[in-house]
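Please look at the sequence and structure below. The text that follows goes through charged pairs and then a surface patch.

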Amino acid sequence: MYKVDVNSDLGESFGRYTLGMDADILPLVSSANVACGYHASDPLVMNKTIAMAKEAGVRVGAHPGFPDLMGFGRRNMDVSPAEAKAYTLYQLGALDAFCKAHGVKMQHVKPHGAMYNMAGKDYALSKAICEAIYEYDKDLIVMALSGGELVHAAEDMGLKVAREVFADRAYEEDGSLVNRRKEGAMITDENEAIARVVRMIKEQKVTAITGKDIPIKADSVCVHGDGVKALAFVKKIRETLTAEGIEIVPLEAIL
């Protein structure tokens with residue numbers, strides 16, 4: 001029996017600005033990556049998101065990013081390892097306050113946006129992020145790009161690591177995600193995206209943007225829930241995975 005976690009980035013609203021359809025997506029996933037106030041979210045949103053996740057029975061993870069609200073954490077920042085470590089530690093503590101208030105145990109940590117992509121190629125940055133996680137709670141699972149440097153850093157530090165794949169993103173031959181500005185970066189054909197996910201789970205392979213097959217491991221599949229079309233897509237993915245004999249479970253049941 002194949003098993004996989006389905007995760008989504010949630011709690012990314014801010015003040016009077018609403019982003020995503022969190023209430024609708026939560027029942028469809030097994031793990032939620034909750035923004036911690038640096039790239040998105042605020043204390044009220046964080047509190048509400050943890051409460052909703054608890055009610056839905058969904059495991060919670062921290063989604064720390066660069067301090068860049070205006071750029072939504074998607075702009076690369078030149079930060080030292082010491083800064084990256086402190087930023088991560090700060091955000092873990094912020095989200096965990098709400099987790100503790102609601103009696104929820106944090107399951108994992110998944111860096112956001114530019115921090116995630118940069119860590120995938122930068123061992124020093126990955127090591128700093130992992131040091132913060134290890135010193136905060138060494139039982140936390142690190143969610144990282146399959147094949148990236150964050151996987152290696154987490155393993156070197158003795159942390160549990162979940163390899164993440166993306167349903168709607170194209171891959172370069174080195175296993176990194178194709179830059180969003182590049183043509184073909186997004187997989188827009190629903191059926192193609194779902195077929196790719198099934199193959200990643202069962203065969204541990206994916207076709208890169210060059211047409212070459214590359215190895216990949218899928219412990220968790222990232223889906224997005226910002227839009228009615230996206231919700232229908234997530235429902236379709238769930239149905240297909242079940243039909244293919246793939247059980248959807250939280251990371252704790254896989255690692």
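About how many helical turns separate K100 and D96 in helix α3? The two are four residues apart in that helix (residues 81–101), so the separation is about one helical turn. Helices are DSSP runs of H or I with at least four residues, strands are runs of E with at least two, and both are numbered from the N terminus. This is a predicted model, in which local features need pLDDT of at least 70 and side-chain atom pairs count only at pLDDT 80 or more, while totals for chains, interfaces and linings use all residues. Residues are numbered from 1 along each chain as its sequence is written, and side-chain values use heavy atoms, without hydrogens and water.

K100 and D96 join their side chains in a salt bridge, at 3.9 Å from N to O; the term requires a side-chain nitrogen of Lys or Arg within 4 Å of a carboxyl oxygen of Asp or Glu. K100 is exposed at 62% relative accessibility, whereas D96 is buried at 9% (buried is under 20% relative accessible area, exposed over 50%, partly exposed in between, with a 1.4 Å probe and protein chains only).

The structure holds 17 salt bridges. Another of them pairs E244 with K202 at 2.9 Å, N to O. This pair links distant parts of the chain, 42 residues apart: E244 lies in the loop between α8 (228–243) and β10 (246–248), and K202 in helix α7. E244 is partly exposed at 34%, as is K202 at 30%. Elsewhere, salt bridges with shared partners connect K85, K127, E131 and E135 in one network.

Y17 sits in the loop between β1 (2–10) and α1 (22–25) and is exposed, at 64% relative accessibility.
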